[in-house]
Amino acid sequence: MQPHELSFSRAPSLQVVTQVAPGAAEQPRSYYIWTIGCQMNRADSERLASALEQLGYRPVAAPGAADVIVLNSCVVRQSAEDKVSGMLGLVKPLKQRRPDRVIALMGCMVGPRPEQLQQRFPFVDLFMQPQEYRPLLDLLGDRLGIDWEGCLGSLLPSQPSVTTLVPIIHGCDRMCSFCIIPYRRGRERSRPLEELVHEAHMLAQRGVREITLLGQIVDRYGHDLPGQRDLADLLAALDALEGLARTRFLTSHPADMSERIIRAVAHLDKVCEHINIPVQAGDDDVLQAMRRGYSRDDYLRLIERVRRAVLGVALSTDVIVGFCGETEAQFQRTLELLAEVRFDKVHVAPYSTRPGTIASRKLEDSVPWEEKRRRVKAVEELQERIATEINASLLGTAQEVLVDGREKGKWKGRTRTDKLVFFEDGGHDYLGQLVQVRIMKTSPWSLQGTRVDRAGTQAEATGL
Ligand code: SF4
């Protein structure tokens, strides 16, 4: 998948300690995790945060206040890598001011041989590949004089949010020519189905209502497990879990989405009717240069199958513009495809060379930067028009919304089709509830409405 770039830092209010290592009470310790990149990184950070809290560390809101600073990095695009470098520049003086402070760089910036990084950033104590928490826990265990493995229970967050991410398969065996991820996250490894069901059960007991199953190619879940279990089997097992209201999965690959998975979305009650299927480009020659493993027609046929099987399904996609040698005519083919499919959401990014990838070695990054930016803008403008029309068609309808928080005095949540919805407060606590909202106002990015009861009557008026 082409991860969507995001960054966040661990907010203190999100974490509570469940099990604290001996000695924690006498000596307050603190950590700060900064995360950028895809949802896999976000899930990794949540699990590391859980481990640190079980060792007695508390989250703080700023790196300057932390004993341990972790930067969970992404290098999928140059812009993400630049932000990581910027953060490293910010933490360097913090280390100089307090040499006992631990600085760790984690995630996709760290390859199997970090010597070059060690030379560039000598103030960083630890370089850890994705999900590689052990070096940090070893170091902290030594400092605390404890066997950390004996202190840690499950790495699940003790107070997870209503919607939570669960990685189910790590790594990627495809080698898209532009992508650095297989070099950093390694070969595919599926987690055992029973372990995932148990984890989901624990999360549901802690108040989680929606789980998003994650993988670079989530549809390939299970191919390396005994018994030929797949994503459809996992979704079916989760459908039976009490307390859990919804499941989603991210990210699919057009060549790996099976009929069984499509049927699971169509028939299982809890699986949301929303699928992200990255197309990346609409021209066959560009797709071939990208080594994506499908043609434009294959992709369109898949979309047709999904739409025929899953009533009202919302589709999103990822697009890279300005890939090596992409001509104007080839770019227009991408625009035509986007206009034909009419996705609910499109994540678009300009191509940037990633050292070490096939494209960086064999192809010329020939499209000028200004032209790439123009193409990004053209995609964004087209998509804004399409999303405006799709969302406007929901005006006046009642939508089921899973409430996941509050913003600017309103409750917010998402529909099964992943539309962001805001509705008026009404003085009640709706967190974690499924509510019906009548849509009163739409924009390309979100919907606004009023809560109604199941019969469609305005809820406040009936006192519900
Ligand atoms: S190699 Fe291709 S399929 Fe694998 S993570 Fe990268 S973009 Fe996704």
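Axes here are lines fitted to C-alpha atoms, for helices over the stretch in contact, and angles run from 0 to 180 degrees between N-to-C directions. The model is a predicted one.

**Helix pairs**

Take helix 12 (residues 328-341) and helix 14 (residues 369-392). They pack at an angle of about 15°, with their axes 10 Å apart. Angles under 35 degrees count as roughly parallel, so helix 12 is roughly parallel to helix 14. Helix 12 passes helix 14 in a right-handed crossing. On the helix 12 side, the contact uses Phe 331, Leu 335, Leu 338 and Ala 339. Helix 14 answers with Arg 375, Ala 378, Val 379, Leu 382 and Gln 383. By class, this contact has seven nonpolar residues, one polar and one charged.

A second pair is formed by helix 7 (residues 193-205) and helix 8 (residues 231-239). Their axes come within 10 Å and cross at roughly 35°. This crossing is right-handed. Helix 7 contributes Leu 193, Leu 196, Val 197 and Ala 200. From helix 8 come Asp 233, Leu 234, Ala 237 and Leu 238. Seven of the residues in this contact are nonpolar, none is polar and one is charged.

The table sets out the geometry of both pairs.

| Helix pair | Angle between axes | Axis separation |
|---|---|---|
| Helix 12 and helix 14 | about 15° | 10 Å |
| Helix 7 and helix 8 | roughly 35° | within 10 Å |

Three strands form an open sheet in the order 11-12-13, with parallel pairing. Which strands stand at its edges? They are strand 11 (274-276) and strand 13 (345-350). Each has a single partner strand, so one side of each is left without a neighbour in the sheet. On average, neighbouring strands are turned by 10° against each other, direction ignored.

Strand 12 (residues 314-321) runs parallel to strand 13, and six bridges join the two. Asp 318 stands opposite His 347 in strand 13. Helix 14 packs on the sheet and touches strand 12 and strand 13. The direction of helix 14 makes about 175° with that of strand 13. Helix 14 also meets helix 12, through residues that include Val 379 and Leu 382.

Terms used. Residues numbered from 1 in each chain as written. Predicted model: local features only at pLDDT ≥ 70, side-chain atom pairs only at ≥ 80, totals over all residues. Helix = DSSP H or I, 4+ residues; strand = E, 2+ residues; numbered from the N terminus. Parallel < 35°, antiparallel > 145°, perpendicular 65-115°, else oblique. Left-handed = near helix turned anticlockwise from the far one by under 90°. Contact = placed C-beta atoms within 7 Å. Nonpolar A, V, L, I, M, F, W, Y, C, P; charged D, E, K, R; others polar. Pairing = 2+ DSSP bridges.
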